[in-house]
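Please look at the sequence and the structure together, and follow the strands one after another as the text leads you through them.

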Amino acid sequence: MSSLKRWRQIGQGQFHKWETLGDELEGAWQGSHEGRYGPLGSLQTPVGLLSFPLHAGLLERLRHVRVGMAVLIRYTGPQTSKAGRLFKSFEVFVSGNDGVVDVERSSDHDATQREV
């Protein structure tokens, strides 16, 4: 028996690629998850849920933001590391002081979180 139903996936939202210098996303941080080609981040914005690739530097900055907090992410463009590698650079802003956690490494390399 064949199904004539048309299925569509829900809950994934729109996808945003970091391409234009100065691109900004603003919304409530929903956390990160593993995507098909690497880690993805999600923001709940006034226009809906947006997902975007979490480049290494951006992932490191967003590790310090509590889920649900208002954030502004700005793409500042490509930069070259001291080792000569090209990478995408970002600025991350949070609203107030309550949305930031300090991630410390214990001696056995387990990540623990402490409020700042």
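β3 and β4 form a hairpin, with 2 residues between them, where helices (H or I, at least four residues) and strands (E, at least two) are DSSP runs numbered from the N terminus. This is a predicted model, in which local features need pLDDT of at least 70 and side-chain atom pairs count only at pLDDT 80 or more, while totals for chains, interfaces and linings use all residues. Residues are numbered from 1 along each chain as its sequence is written, and side-chain values use heavy atoms, with hydrogens and water left out.

Strand β3, residues 38-45, pairs with β4 in the antiparallel sense over 6 bridges; two strands count as paired if DSSP finds at least two bridges between them. Within this pairing, Ser42 has Ser51 of β4 as its bridge partner. Ser51 also has Phe15 standing opposite, and strand β1, residues 14-15, pairs with β4 in the parallel sense over 2 bridges. Strand β4, residues 48-53, is mostly covered, since 5 of its 6 residues are buried, that is, under 20% relative accessible area, as against exposed at over 50% and partly exposed in between (1.4 Å probe, protein chains only).

These strands belong to an open sheet of 6 strands with mixed pairing, in the order β1-β4-β3-β2-β5-β6. β1 and β6 (86-94) stand at the edges with a single partner strand each, so one side of each is left without a neighbour in the sheet. The partner of β6 is strand β5, residues 70-80, which runs antiparallel to β6 and is joined to it by 9 bridges; here Thr80 has Leu86 of β6 as its bridge partner.
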